[in-house]
Amino acid sequence: MSDSGSSFLNTVIASKLDAKSRRAQANAAGMGRLLEEIRGQEAAIREGGGAKGIESQHNKKRLTARERLALLLDEGSEFFELGLFAAFGMYEEWGGAPSAGCVTGLGRVAGRLCMIVANDATVKAGAFFPMTAKKVLRAQHIAMENRIPTLYLVDSAGVFLPLQEDVFPDQDDFGRIFRNNAVMSAMGIPQITAIMGMCVAGGAYLPVMTDTVLMTEGSGLFLAGPALVQAAIGQKYSAEELGGATMHAEISGTVDYKEPNDHLCIARLRSLVGKLGERPGAPFNRAAYDPAKDAPKYPAEELYALLDPDPAKSAVNSYDMRDVIARFVDRSEFDEYRPDYGRTLVCGYARVGGFAVGIVANQKVSQQQTSQSGEKRMEFGGVIYSESADKAARFIMDCNQNLVPLVFLHDVNGFMVGRDAEWSGIIRAGAKMVTAVANSTVPKITVIVGGSFGAGNYAMCGKAYDPRFIFAWPTARYAVMSGASAAQTLVEIRVKQLERGEKKLSQKEKDELRASIEATYEEQSDCRYAAARLWVDAIIDPAKTREAVLTALEACALNPDVEKFNVGILQT
């Protein structure tokens with residue numbers, strides 16, 4: 001008869017993070033400064049077109065996009081904004097386009113999790129810049145993958161004409177939005193549009209291609225406005241005659257509900273969402289969950305102490321990724337998979353908000369590993385070796401076999417290089433891992449904690465590998481390689497080019513060239529640069545990682561369909 005004490009399985013992670021150490025406190029202080037800077041930028045972005053734009057909107061007796069959101073969302077619920085930094089630092093020659101002139105994200109309306117897309121008319125009258133179209137398309141893509149009901153709050157002047165060549169014709173441009181409207185409707189994803197301002201030209205197709213259309217008095221819905229109609233065919237009509245709410249409600253029959261103002265329109269929208277039917281959920285395992293009892297054992301705020309936010313030092317950050325896992329999974333419990341093999345990747349099972357998940361994470365602490373020949377070697381933290389890739393590929397396949405969603409935690413320098421690595425079959429092992437990630441059919445959620453460099457980005461489910469959601473900590477860095485490595489490589493190439501022309505650079509000139517290249521790389525690898533281009537869906541506070549992952553899982557669970565997993569040909 002077994003002893004009851006010896007049969008107890010302890011899966012709680014024993015955290016090694018000393019948040020009170022000098023280094024940890026220095027890291028936390030640096031992270032605090034970085035978060036303060038980002039929060040200040042976020043606040044400025046949320047002002048949209050500024051005081052004048054807001055005043056102009058109010059003078060039209062219309063609410064701003066964010067005021068509409070506040071009325072639409074359930075009281076006390078939070079809006080999980082996606083793409084806030086879209087177009088950050090872009091279109092400066094046109095006065096900028098804060099948040100690409102639209103607001104997108106997940107929020108609860110009448111108890112239902114919805115994707116919300118709202119034009120911000122305070123920014124260039126809600127006109128579509130190239131990044132605006134891409135932001136709306138990303139929101140629609142997330143909605144399609146996860147079967148999320150989608151609400152459009154329309155108030156837009158249409159395409160931003162000076163940049164029409166980059167908005168209008170391509171596969172991932174403006175017209176794709178309306179194609180998606182049709183496809184989403186065919187998929188059975190509810191779409192409701194509330195027109196609370198202008199809806200002009202090609203943009204007029206969006207509401208009419210959704211399932212239900214609401215419109216406020218004083219709004220306009222037409223393919224061509226009064227001035228264009230007069231110029232094109234010589235006829236003179238008022239905006240109300242051409243496309244006012246009364247005309248569309250009484251004559252064309254285009255709108256389903258005519259409402260006197262924004263407030264009542266949003267109230268009607270909430271009422272309609274509250275009557276949407278429920279579809280079957282996903283087949284993923286979710287245990288009963290108590291937010292208080294099942295919280296992690298360690299404070300999430302301790303994550304601020306983990307990484308040095310200085311880009312120059314981020315590549316050499318050494319920390320145990322289990323300390324991150326311990327601060328966002330339920331009860332800090334983790335069933336680690338093959339813990340003694342391929343140690344530069346940590347794999348295992350946990351729960352987040354009751355949802356079973358599989359976690360694949362880069363280990364930043366260097367690890368001692370024994371080779372198949374019996375030799376002991378030290379493996380660098382953040383580097384993927386052959387054994388690590390083999391382990392992760394098998395784990396990813398197991399998760400697909402068992403219908404377990406995957407969470408990837410990035411802080412990766414790339415795959416190991418050199419003779420020993422090549423002889424060990426690093427390319428073959430890496431290809432196996434990339435194949436498993438590419439063909440994975442369970443939901444994939446990616447969180448970039450630190451560096452995400454080179455092919456390591458691909459293997460760890462970067463944007464090109466279809467994560468349902470991709471988030472970044474403020475310390476995230478994106479590039480083919482680190483700034484220091486790129487600078488060294490490019491300086492050497494430049495020196496050789498000049499030497500072939502019989503010109504030699506002085507050491508000072510080499511240092512200046514290296515500094516210039518590093519500065520460019522650091523700017524372009526910053527998480528805000530990535531977020532501006534929608535390579536990540538949101539920059540998240542590290543202490544909010546659990547909330548972000550849980551919201552993503554709740555969205556993923558709305559889609560009941562999981563395709564059959566077929567990994568294809570594996571390099572063995």
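## Arg528 and its surroundings

Setting aside neighbours within four places in sequence, Arg528 touches Leu34, Glu37, Ile38, Gln41, Phe85, Phe88 and Ile539, where contact means heavy atoms within 4.5 Å. Arg528 sits in helix α19, residues 527-532. Helices here are DSSP runs of H or I with at least four residues, strands are runs of E with at least two, and both are numbered from the N terminus.

Is Arg528 buried or exposed? Arg528 is buried, at 11% relative accessible area. (Buried is under 20%, exposed is over 50% and partly exposed is in between, using a 1.4 Å probe and protein chains only.)

## What kind of model this is

This is a predicted model, in which local features need pLDDT of at least 70 and side-chain atom pairs count only at pLDDT 80 or more, while totals for chains, interfaces and linings use all residues. Residues are numbered from 1 along each chain as its sequence is written, and side-chain values use heavy atoms, with hydrogens and water left out.

## The chain as a whole

The chain has 20 helices and 20 strands. Its C-alpha trace spans about 85 × 85 × 50 Å along the principal axes. For 572 residues, a compact globule would have a radius of gyration near 25 Å, and the chain's 26 Å agrees with that. (The radius is taken over C-alpha atoms, and the globule rule is 2.2 Å times the number of residues to the power 0.38.)

Of the 572 residues, 52% count as buried. Take the contacts between residues at least 6 apart in sequence: 75% of them join residues at least 24 apart.

## Helices α4 and α5

Helix α4 (residues 130-146) packs against helix α5 (residues 174-186) at about 20°, with axes 9 Å apart. Axes are lines fitted to C-alpha atoms, for helices over the stretch in contact, and angles run from 0 to 180 degrees between N-to-C directions. That angle makes α4 roughly parallel to α5. (Under 35 degrees is roughly parallel, over 145 roughly antiparallel, 65 to 115 roughly perpendicular and the rest oblique.)

On the α4 side, the contact includes Ala133, Val136 and Leu137; on the α5 side, Phe174, Arg176 and Ile177 are among the residues involved.

## Helices α3 and α10

Helix α3 (residues 65-72) and helix α10 (residues 262-273) pack at about 45°, their axes 9 Å apart, and are therefore oblique to each other. From α3, Arg68, Leu71 and Leu72 meet Asp262, His263, Ile266, Leu269 and Arg270 of α10.
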